[in-house]
Structures are given as structure tokens and as C-alpha cells.
Amino acid sequence: MSTNLAEVETGTERRVVAVIRGVPTSDGAGVKLTRVIGQRALPDLDPFLMLDEFGSEKGADYIGGFPDHPHRGFETVTYMLDGRMRHWDNKGNSGLLVPGSVQWMTAGSGLVHSEMPEQEDGLMRGFQLWINLPAKDKMCAPRYQEYAPDKIPVAKPAPGVSVKVIAGEVAGTKGPIGGVATDPTYLDISLEKGAGFSHRLPKEHNAFAYMFEGAGMIGVKEVEKQQLAVLSQGEVFSVTAEAAPARLILVAGRPLREPVTKYGPFVMNTPEEIHQAIADYQAGRL
Ligand code: FE
């Protein structure tokens with residue numbers, strides 16, 4: 001199959017500089033998940049602090065959900081692939097995430113929320129990504145950008161290629177997420193067997209691709225299911241599905257290059273700010 005690799009993209013290639021496999025862990029009230037960013041092999045990838053993949057057909061693996069917990073100083077992005085999850089926060093916001101929904105929550109100065117499954121069994125699958133905020137925005141007012149599946153546009157940039165554009169732009173199709181400090185790209189890319197896709201990313205952004213179905217070649221490197229490819233600096237990302245269909249997310253953002261002090265659900269610049277966050281939470285000020 002012909003691809004658009006040669007004709008569209010001529011800039012510096014983004015190579016795979018490391019391939020990371022996630023580690024099984026649990027969070028919330030016993031929800032089983034795979035932590036891909038935010039573990040020893042990949043503690044962070046500025047501005048990305050954490051990437052969790054969750055996926056199970058067994059209610060016992062997720063039924064506990066994520067009861068009330070705080071956040072301050074960063075953004076959480078939940079992308080549901082399968083299953084239903086309801087969220088609620090102490091500012092009066094709530095919503096139901098269904099298969100294909102995106103919730104981009106800018107926690108800013110803070111909130112307390114819960115994220116609970118709205119099903120007792122059956123497939124629950126998706127991602128949660130944590131993205132840091134610049135120091136100047138860490139205490140901004142909380143903000144939600146939440147989109148139902150039909151509000152996420154699909155680009156068809158090449159034969160056999162379908163891209164759900166959550167953030168960024170592909171072949172003139174713009175994702176709905178806007179006004180985010182790190183100017184992110186977040187694409188869900190599906191490739192039929194034999195198809196190829198290339199995409200130009202801002203040169204200075206850090207970027208990764210996570211293969212969650214099938215396998216593909218990213219540049220000259222084969223990346224398998226449940227592997228994250230850390231990409232080099234450069235401009236052009238390219239992937240081909242040679243042996244089987246593939247599905248992956250491609251995520252990029254502007255690195256902040258600021259000090260990071262993390263304590264659970266608080267991510268600030270200094271230990272003093274963490275102490276303040278804990279004090280504010282304990283005093284009910286979040
Ligand atoms: Fe949360």
C-alpha cells in the first residue's frame with residue numbers, strides 16, 4: 001500500500017530512543033492498572049508526569065474506583081476506550097465518561113473528586129495521563145474540557161489510516177482541546193495492515209507513542225503492544241503497520257524545564273508548596 005510518508009514529510013525524523021513496558025500496579029481503591037510513565041524505568045517525560053493504562057473485563061479489577069481524592073498543580077486527561085465512569089467534584093461538576101469520551105481536567109489550585117465505574121463487570125479500558133502545569137498556572141482556577149465521543153473528530157489522512165484528533169491537528173482536522181499551556185498533541189491512530197502514517201510535531205516538544213493494539217514500525221524500530229516508544233527530538237513521526245493492524249496514541253507537549261516536587265496527587269515546584277497543598281487540603285480549602 002502506498003503511504004504519504006515520502007510526499008508529505010521531509011523534516012528530521014523522530015527516532016525511537018527507548019522502548020518502555022509498563023508495570024502492573026494498583027491505585028485508588030484497588031483498581032488494577034499498568035503504569036507506563038511514572039515508574040522507575042520512565043519516571044517522567046517533561047511535561048508528562050504519569051501515564052496509566054487500565055483494561056479489564058473483571059469488575060473486581062476496577063469496582064473500587066477512585067473515591068474522593070484531591071489534585072493540585074497539574075492536569076489529568078482521561079480517555080475512555082471501553083466502559084463507563086462517572087466523576088464528581090466538590091465544586092459541583094460531574095459527568096459520565098462513555099467509550100470514546102475525553103475528560104481534560106486542569107486541576108490548577110485544586111479540587112477533590114471521585115472517579116467511579118458505572119458498571120459492575122464487563123470491559124473497562126482507557127488511559128489516564130497527567131500533564132504538568134507551568135509554575136505560573138499551578139494555582140489557576142480548575143477547568144474541565146469534556147467531550148462526548150461524537151465531538152472527537154476523525155481524520156483520514158492516508159489510505160487505511162484513521163486518527164481521532166483529541167488535541168492538535170491532522171490533515172486540517174483540529175481536536176477540540178484548547179488553551180492548554182503545554183500546547184499538546186494527543187492522537188488516537190488506527191492503522192489497517194499495510195498502512196502508514198506520518199505526522200509533523202513541533203520540533204521542541206517531547207513526545208511518545210504507546211502501542212495498545214497490534215504492533216508497528218516507528219521509523220526502523222518495531223514497537224509491540226503495550227510498549228511505549230520515547231521519541232527523539234525532531235519533527236516527523238512515522239509509523240507503519242506491516243504485519244497486522246495497529247492502534248496507538250501519539251502524545252507530545254512543550255517541556256516546562258521547571259523544578260518538580262511531587263507528593264501523591266499534588267505536583268508543585270517546591271517542597272514548601274507541597275506543604276501548603278497538604279495544609280489546604282486538610283483544612284478543606286481545595
Ligand atoms: Fe483523580
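Reply: A cavity is a set of grid points where a 1.4 Å probe fits but cannot get out, and its volume is the space filled by probe spheres set on those points. In this predicted model, the largest cavity has a volume of about 50 Å³, and the structure holds two cavities of 30 Å³ or more.

Me: Which residues line the largest cavity, and how do they divide by class?

Reply: The lining is made up of Val-31, Phe-54, Tyr-62, Gly-65, Phe-66, Met-85, Pro-117 and Met-124, and these divide into seven nonpolar residues, one polar and no charged.

Me: What is the volume of the second largest cavity, and which strand gives the largest share of its lining?

Reply: The second largest cavity has a volume of about 40 Å³, and strand 4 gives three residues, the largest share of its lining. Among the lining residues are Lys-32, Ser-56 and Asp-61, and by class the lining has four nonpolar, two polar and two charged residues.

Me: Turning to the metal, which protein atoms are the donors of the iron ion, and what is the geometry of the site?

Reply: Four tetrahedral donors would ideally make angles of 109.5 degrees at a metal. Here the donors are NE2 of His-69, His-71 and His-113 together with OE of Glu-115, lying 2.1 to 2.4 Å from the iron ion, and the site is irregular, with angles of 84 to 178° among the four donor atoms. His-69 in strand 5 and Glu-115 in strand 10 link distant parts of the chain, 46 residues apart, and both residues are buried.

Technical notes: Residues numbered from 1 in each chain as written. Predicted model: local features only at pLDDT ≥ 70, side-chain atom pairs only at ≥ 80, totals over all residues. Heavy atoms only, no water. Donors = N, O, S within 2.8 Å, 3.2 Å for Na, K, Ca; no water. Tetrahedral: all angles 85-135°; square planar, octahedral: opposite > 155°, others 65-115°. Helix = DSSP H or I, 4+ residues; strand = E, 2+ residues; numbered from the N terminus. Buried < 20%, exposed > 50% of the residue type's maximum accessible area, 1.4 Å probe, protein only. 1 Å grid on protein atoms, 1.4 Å probe; cavity = no way out; pocket = protein on both sides within 12 Å on 5 of 7 lines; lining within 4 Å. Nonpolar A, V, L, I, M, F, W, Y, C, P; charged D, E, K, R; others polar.
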